[in-house]
Amino acid sequence: MTQKFTLHTHTWGFDGQNTPAEMIARARQLGFDCIGISNHFIVHPKICHSKMYKYASASGYASIYSASFSDALQKFEPHYRELTRLQSENPDIRLLRGLEVDFFDTPQWHDGFARTYELLRPDYIIGAAHFVEHNGNVCNVHDMASADSKTRDKMLMQYWENIRRLAASNIFNWIAHLDLPRKCNLGIEPKWHNIHAQTLQTIASCGTPIEINTSGYRTIIPQPYPCDSILKLAAQYNVPVLLSDDAHSTQQIGANFTVAKQFARDCGIQRFATLNQLLNLHQRGK
Ligand SMILES: [Zn+2]
Ligand SMILES: [Zn+2]
């Protein structure tokens with residue numbers, strides 16, 4: 001059976017195209033018993049000086065970036081109130097309040113995140129690494145793609161280091177779109193294999209699940225994140241997985257779940273995490 005829940009989705013007001021109510025209606029139509037809304041929680045003091053911030057401003061989704069935890073809290077408090085109201089209006093489907101959190105491993109970030117977490121009390125948190133820091137700047141995969149090869153390799157090393165730290169922090173329910181730089185065809189050479197193996201070993205030893213993110217099917221790749229070679233490592237180390245659509249609109253909900261599940265099976269994956277298993281992993285580090 002294909003997974004009947006989706007926990008990685010984005011909505012209007014952040015960088016999604018539809019309202020939470022529209023997303024719920026679509027999940028119901030698909031026969032899902034649960035939908036989680038997990039908008040971006042990206043807090044970094046320098047985020048508004050990054051290249052992608054200018055791009056995001058021009059494209060109308062700069063609200064996903066916050067320079068401080070209080071900024072982020074101001075966006076999420078009314079959003080979470082709306083989700084709570086929608087749950088009471090839609091008792092036939094389980095609605096969860098999630099966050100897709102960018103992990104920045106500094107004492108300031110950990111302090112700020114712990115405080116914000118206590119105020120928001122999300123149902124689950126997805127750990128993500130969309131950025132690396134280079135020369136004091138926050139850079140994304142497109143910045144990696146436009147860097148010279150030496151810098152790019154440094155950034156990629158840092159990406160995998162961030163993922164290992166994220167797993168080791170034990171604060172996330174699972175890890176989002178491992179292998180994201182592949183969006184720009186980066187990090188696919190055989191020389192990265194050892195880094196991938198080390199990272200998957202770390203993830204396995206922390207017991208953190210990974211998602212198979214079907215948004216990769218919407219790109220030029222077209223394969224989910226992570227790719228087959230990384231999924232084979234996940235199978236080898238018995239890392240639990242779930243399917244995520246990373247839906248930014250109603251039509252993307254549950255998209256390619258059947259193909260992705262078969263793809264995972266073909267890579268040797270047998271351990272698909274249940275909804276309860278995923279939610280019970282919450283804040284294991286505490
Ligand atoms: Zn993401
Ligand atoms: Zn996402």
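Modeller: Asn170 sits in the loop that joins α6 to β9 (174–175); helices (H or I, at least four residues) and strands (E, at least two) are DSSP runs, numbered from the N terminus. Although Asn170 is not a glycine, its phi is positive, at about 60°. Its relative accessibility of 23% makes Asn170 partly exposed, where buried means under 20% relative accessible area, exposed over 50%, and partly exposed in between (1.4 Å probe, protein chains only).

The model is predicted, so local features are reported at pLDDT of at least 70 and side-chain atom pairs at pLDDT 80 or more, whereas totals for chains, interfaces and linings use all residues. Residues are numbered from 1 along each chain as its sequence is written, chains are lettered from A and ligands numbered from 1 in the order in which they are written, and side-chain values use heavy atoms, with hydrogens and water left out.

Most residues other than glycine have a negative phi, and most peptide bonds are trans. Asn256, in the loop between β11 (241–244) and α9, has a positive phi near 65° and is partly exposed, with a relative accessible area of 32%. Asn238 follows α8 and also has a positive phi, near 60°. As for the peptide bonds, the one from Tyr225 to Pro226 is cis, with omega near -10°. Pro226 belongs to the loop between β10 and α8.

Two packed helices are described by the angle between their axes and the distance between the axes. For α7 (residues 193–206) and α8 (residues 228–236), the axes come within 9 Å and cross at roughly 35°; axes are lines fitted to C-alpha atoms, for helices over the stretch in contact, and angles run from 0 to 180 degrees between N-to-C directions. On the α7 side the contact is made by His193, His196, Ala197 and Leu200, and on the α8 side by Ile230, Leu233 and Ala234; contact means heavy atoms within 4.5 Å. These residues divide into five nonpolar, two polar and no charged, with Ala, Val, Leu, Ile, Met, Phe, Trp, Tyr, Cys and Pro counted as nonpolar, Asp, Glu, Lys and Arg as charged, and the others, Gly among them, as polar.

Within α8, the residues Ile230, Leu231, Leu233 and Ala234 are buried. They lie on the same side of α8 because they cover an arc of only 155° around the axis, the arc being that of the directions from the helix axis to the C-beta atoms. The buried residues of α8 pack against α6 (149–169), α7, β10 (210–213) and α9 (257–266).

In β10, Ile210 is buried at a relative accessible area of 0%. Beyond its neighbours within four places in sequence, Ile210 contacts Ile175, Leu178, Ile203, Pro226, Leu231, Ala234, Val239, Pro240, Val241 and Leu242. Ile210 and Gly127 are 83 residues apart in sequence, with 9.6 Å between their C-alpha atoms.

Ile210 is also one of the residues that touch the most other members of the largest nonpolar core, which has 81 residues; Ile35, Phe41, Trp109, Phe113 and Leu178 are the others. A nonpolar core is a set of buried Ala, Val, Leu, Ile, Met, Phe, Trp, Tyr and Cys residues joined through side-chain atoms within 4.5 Å. Another core, of 14 residues, lies apart from the largest one and includes Cys34, Leu96, Ala128 and Leu278.

Val101, in strand β5, is buried with a relative accessible area of 0%. With neighbours up to four places away set aside, its contacts include Phe41, Trp109, Phe113, Gly127, Ala128 and Phe172. Val101 and Val43 are 58 residues apart in sequence and 8.6 Å apart in space, C-alpha to C-alpha.
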